[in-house]
Amino acid sequence: MPDQWRAVRFTDESRFSLQSDSRRYLIWREPGTRYHPSNIGERDAYGGGSVCVWGGISLGGRTDLHVFPSGTVNAQAYRDNILDAYVRPYAGAIGDDFLLQDDNARLHRARIVDDYLQQETIQRMERPARSPDLNPNEYVWDALERRIATLNPPPQTLATLCKELIDRIIDSITHRCMCCITSRVDHTPY
């Protein structure tokens, strides 16, 4: 059964924040120690502190993470920097059985993206809207973020964090699909 997933490349974007989400810190301190060095935390006054990345995974492999220099991605950047650079060569190596599985983000459904996929004869795997439990990348992002947060010092490369995790998650996709079918509209155990 896992062989049916060998020709699928699961792709997704994610944003990793290097600061707390709320940018609010609660500090309990003794009276009169307001400006003591242990009670002062530096932060970027201009926002910063996050990075938008794209990644693709499949059984037995993964792409490098693509970092979007501007911090955001639009349909043209997706077509030029992702589909043309990562997806097309991989699809060519897999052959006619290749399937691209992305989410239903607006930029993935833009006309220039659809036209490109049709021109390159790249088939897209259909997926219901708002179904993150059917995209193994969501689990990779979550696990990656949790693992990075616990490491001290932080890892030198993301590659050292990803390989086993990706294969384990994709191997479980059949079971996740069955849980979604069984639950119909309720939550799955994932």
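Helix 1 passes helix 2 in a right-handed crossing. In this predicted model, the axes of the two helices come within 9 Å and cross at roughly 25 degrees. Helix 1 is therefore roughly parallel to helix 2, since angles under 35 degrees count as roughly parallel.

**Contact of helix 1 with helix 2**

- On the helix 1 side, the contact is made by Ala75, Gln76, Tyr78, Arg79, Leu83, Asp84 and Arg88.
- Helix 2 contributes Ile112, Val113, Tyr116 and Leu117 to this contact.
- By residue class, the contact of helix 1 with helix 2 comprises seven nonpolar, one polar and three charged residues.

**Largest nonpolar core**

- The largest nonpolar core holds 20 residues, and the members that touch the most other members are Tyr78, Leu83, Val87 and Leu100.
- At least two residues of this core come from each of strand 2 (50–58), helix 1 (75–94) and helix 2 (111–119).
- Helix 1 supplies eight residues, the largest share of this core.

**Surroundings of Val87**

- With residues up to four places away in sequence not counted, Val87 touches Trp54, Ile82, Phe98, Leu100 and Ile122.

**Second core**

- A separate, second core consists of nine residues, including Trp5, Phe10, Ile57 and Ile173.

How values were computed
Residues numbered from 1 in each chain as written. Predicted model: local features only at pLDDT ≥ 70, side-chain atom pairs only at ≥ 80, totals over all residues. Heavy atoms only, no water. Core = buried A, V, L, I, M, F, W, Y, C linked by side-chain atoms within 4.5 Å. Buried < 20%, exposed > 50% of the residue type's maximum accessible area, 1.4 Å probe, protein only. Helix = DSSP H or I, 4+ residues; strand = E, 2+ residues; numbered from the N terminus. Contact = heavy atoms within 4.5 Å. Axes fitted to C-alpha atoms, helices over the stretch in contact; angles between N-to-C directions. Parallel < 35°, antiparallel > 145°, perpendicular 65-115°, else oblique. Left-handed = near helix turned anticlockwise from the far one by under 90°. Nonpolar A, V, L, I, M, F, W, Y, C, P; charged D, E, K, R; others polar.
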